[in-house]
Amino acid sequence: MADTPLQVSSNETPAPPEASITQLLIGSAKRAVLQVQEYSYLAAQSITNVFSAPHYFQDTLEQMDQIGVGSLPIVLLTGFFIGAVMVLQTASQFVRFGQTSLTGDAVSLALVRELGPTLTSLLVTGRCASGIASELGSMLVTEQVDAMRAMGTDPSRKLVTPRVVATILVLPLLTAISDFIGLVGGCVAAVFSLRLGVVQFWTRAIDALDFADIMQGMMKPLIFGFILSTVGCYRGLTVRGGTQGVGRATTQAVVVSSVLIIVADTFLTKLALYLAGKFF
Amino acid sequence: MEATISFRDVRLGFDEGDIVRGLSFEVFPKETLVLLGETGTGKTLSLKMAAGLLRPQEGDVKVLGRHVSEMKEKELLDFRREIGFVFQEGALFDSLTVEENVAFRLREEKVPEEEIEPKVREALRFVEMEHAIDQVPSELSGGMRRRASIARALITRPPIVLYDSPTAGLDPVTSQTIIALILRLRDIYGVTALLATHRLQDGFALANFHFDTATHRVVRNQEKRRGDGPDGESSTRFAVLRDGKVFFEGTPEKLQAVKDPYLKRFLV
């Protein structure tokens, strides 16, 4: 083709050959395996970075403030009402057997073992995994991550590790606060709805708990924190397609983290019950 | 004389196909090589490969005597401290102030705080932005962001500066200001530069003007100064990229004299 003033390039792009269904499936499988490999590498790096310099303590503290203190209002609010609604639901069954005094036991066990860690992690996922993915994704598309690398700074140390460490440290604390506030909410509901005594409720709630229950409730958020922060970072640092890609990565970060947390919860519960039977 | 930057048969592609297809060129000390080309010809990729931000699939990239394409990421992090990179949109950290952006590299290198402020002020004075030291990037205009980015790149006085379309999207007056800054950086500090652009006038401005340290003004070159950089003077050459490789390489005079219809389109 002859060159003309309006012609941008004389190279004609050949039409891509049509791919078969088998090729598409193989391509998708390869991409999935690659993503798992990249995620595993980033997740492992985020932890190994802790054991060598440089360390970014200031960034970690800032992230603890953003993730921990920033999530406190929603954790308090939802924790209180979850505790209250647990009391109302369990009491409606216990009342049939005249055993409303057991409400404190049931709510305490459910909150500390399961609902506290899982719901707190899911709430923090909604707030922070999305925040991490969108923040890092925006940095990536505006070349800020490349700029950081160009100045000799490792983004996995400066951006990923502080977020992962901060989330792992603050999530158990948030869970503990959520458990306590949940019991306060349960107590309020028990006192006003079931006419139970405050001392009676708290005595039963505390007596129902073993050391193994508290271990189970505090172990889970460590793993959940690791999952939500690494998935958020991975999705943010692998954004493709500009601002639209950032939106997609944010959604994916929340969806993938939430699903992984619930799946991991099943296995962690099984493990915790096994360990409780073995050691406690 | 050994080249400061050398590309030999470099290839790089993505899912969509090869973008850089056998790219070879050299940049010598104190020289500015203007990479000219349409969008998608591999200019930005070349700069990123020179800084080790991207790894070529084939070929060799050698910068400051080191084979960048064979270095590990940890070695590259140390190596990149010797290179200044000015990104297309500035790529300033938007949560940090101008002062924090410019001082970023110094703080990473644990330079004492009392030494940082004078250096940051000096760099910002160089780009005439000392007044904006406490502003955040969202409060700056496009031109100011580029100037802050240049200040950030020169804070450690790197021997090499890579410019990725430093005047793209700017009005002519602001573009002139940016080019004048690049001239000053070149003529005062003697940096070797690789400048990617699709604007021919930027390249010619670098070739035809210099910063006069006596009068502190950008002035047009005398005839003897133009060309290949005699007596160690800084010089400017062009490399026009087409389809991922060098289509033309030479002095501004040689480019102006070409008859090739593709190259002539750049000269219109």
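The sections below cover conventions, overall shape, the sheet and the helices on it.

## Conventions

This is a predicted model, in which local features need pLDDT of at least 70, side-chain atom pairs count only at pLDDT 80 or more, and totals for chains, interfaces and linings use all residues. Residues are numbered from 1 along each chain as its sequence is written, and chains are lettered from A and ligands numbered from 1 in the order in which they are written.

## Overall shape

Chain B contains 9 helices and 12 strands (DSSP runs of H or I with at least four residues, and of E with at least two, numbered from the N terminus). Its radius of gyration, over C-alpha atoms, is 18 Å, which agrees with the value near 18 Å for a compact globule of 268 residues (2.2 Å times the number of residues to the power 0.38).

Buried residues (20 or more other C-beta atoms within 10 Å of their own, with C-beta atoms placed from the backbone) make up 41% of the 268 residues in chain B.

## The sheet

An open sheet of chain B has 6 strands in the order S6-S7-S8-S3-S11-S12, with mixed pairing (at least two DSSP bridges between two strands). Strands S6 (83–86) and S12 (245–250) are the edges, each pairing on one side only.

S6(B) runs parallel to S7 (residues 160–164) of chain B, joined by 4 bridges. One bridge pairs Ile83(B) with Ile160(B).

## Helices on the sheet

Helix H5 (residues 142–154) of chain B lies across S6 and S7, at about 170 degrees to S6(B) (axes are lines fitted to C-alpha atoms, for helices over the stretch in contact, with angles from 0 to 180 degrees between N-to-C directions). Helix H7 (residues 200–208) of chain B touches S3 (31–37), S8 (192–197) and S11 (235–242) (contact: C-beta atoms, placed from the backbone, within 7 Å).

Terms used
A residue is buried if 20 or more other C-beta atoms lie within 10 Å of its own, exposed if 12 or fewer, and partly exposed in between; C-beta atoms are placed from the backbone. Two residues are in contact if their C-beta atoms, placed from the backbone, lie within 7 Å.
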